[in-house]
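Me: I am new to this structure. Please take a close look at a single part, the nonpolar core, and connect it to the rest.

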Amino acid sequence: ASDYASGGELPQALQMSKFLPVPWRFGHASFERALRESNKRMNIDCCPVYLLHSPVHWRPIEYWVESAAMCKQKGLLNALGLSNCNADQCRRAFEAGQKFGVPVIIYQV
């Protein structure tokens with residue numbers, strides 16, 4: 001299969017799920033646990049795109065991008081998307097994605 005995050009061909013249907021960083025989800029383990037649960041519900045090992053949804057959390061957006069990169073290294077996701085972020089958060093997430101090695105490829109409103 002081609003790596004669409006690096007410019008490869010997109011599949012006909014793209015599965016996605018979202019992570020909502022609510023106050024009781026406060027660490028990298030929370031992100032990974034939620035992703036694993038989503039993957040299990042979708043009956044997949046690796047989520048093509050995992051969306052960071054409404055990052056209204058006391059942790060900065062870069063923290064959650066780092067969580068996504070850690071999960072990418074474990075083969076749990078291919079790319080990160082953003083949902084309901086402002087322009088500054090999008091820029092910072094994209095830069096963090098480059099730093100941590102996870103592509104930020106989709107913005108969903």
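Reply:
**The core and its surroundings**

Read along the sequence, the protein runs β-α-β-α-β-α-β. That comes to 3 helices and 4 strands. Helices (H or I, at least four residues) and strands (E, at least two) are DSSP runs, numbered from the N terminus.

The model is predicted: local features need pLDDT of at least 70, side-chain atom pairs count only at pLDDT 80 or more, and totals for chains, interfaces and linings use all residues. Residues are numbered from 1 along each chain as its sequence is written, and side-chain values use heavy atoms, with hydrogens and water left out.

Start with the overall form. The C-alpha trace spans about 35 × 25 × 25 Å along its principal axes. A compact globule of 109 residues would have a radius of gyration near 13 Å, and the protein agrees because its own value is 13 Å. This radius is taken over C-alpha atoms, and the globule rule is 2.2 Å times the number of residues to the power 0.38.

Now go inside. Of the 109 residues, 42% are buried. Buried means under 20% relative accessible area, exposed over 50%, and partly exposed in between (1.4 Å probe, protein chains only).

The largest nonpolar core has 24 residues. Such a core is a set of buried Ala, Val, Leu, Ile, Met, Phe, Trp, Tyr and Cys residues joined through side-chain atoms within 4.5 Å. F31, Y50 and L77 have the most contacts inside this core. At least two core residues come from each of α1 (28-42), β2 (47-53), α2 (61-73), β3 (77-83) and α3 (87-100). Helix α2 gives the largest share, 7 residues. In soluble globular proteins, nonpolar side chains tend to be buried together.

Leaving out residues up to four places away in sequence, F31 touches F19, Y50, W64, S67, A68, C71 and L77. Contact here means heavy atoms within 4.5 Å. Across the protein, take the contacts with a separation of 6 or more: residues 24 or more positions apart account for 78% of them.

Helix α2 also holds E66. E66 is partly exposed, because its relative accessible area is 27%. Again leaving out residues up to four places away in sequence, E66 touches H28 and F100. The C-alpha atoms of E66 and G97 are separated by 7.5 Å, though the two residues are 31 apart along the chain.
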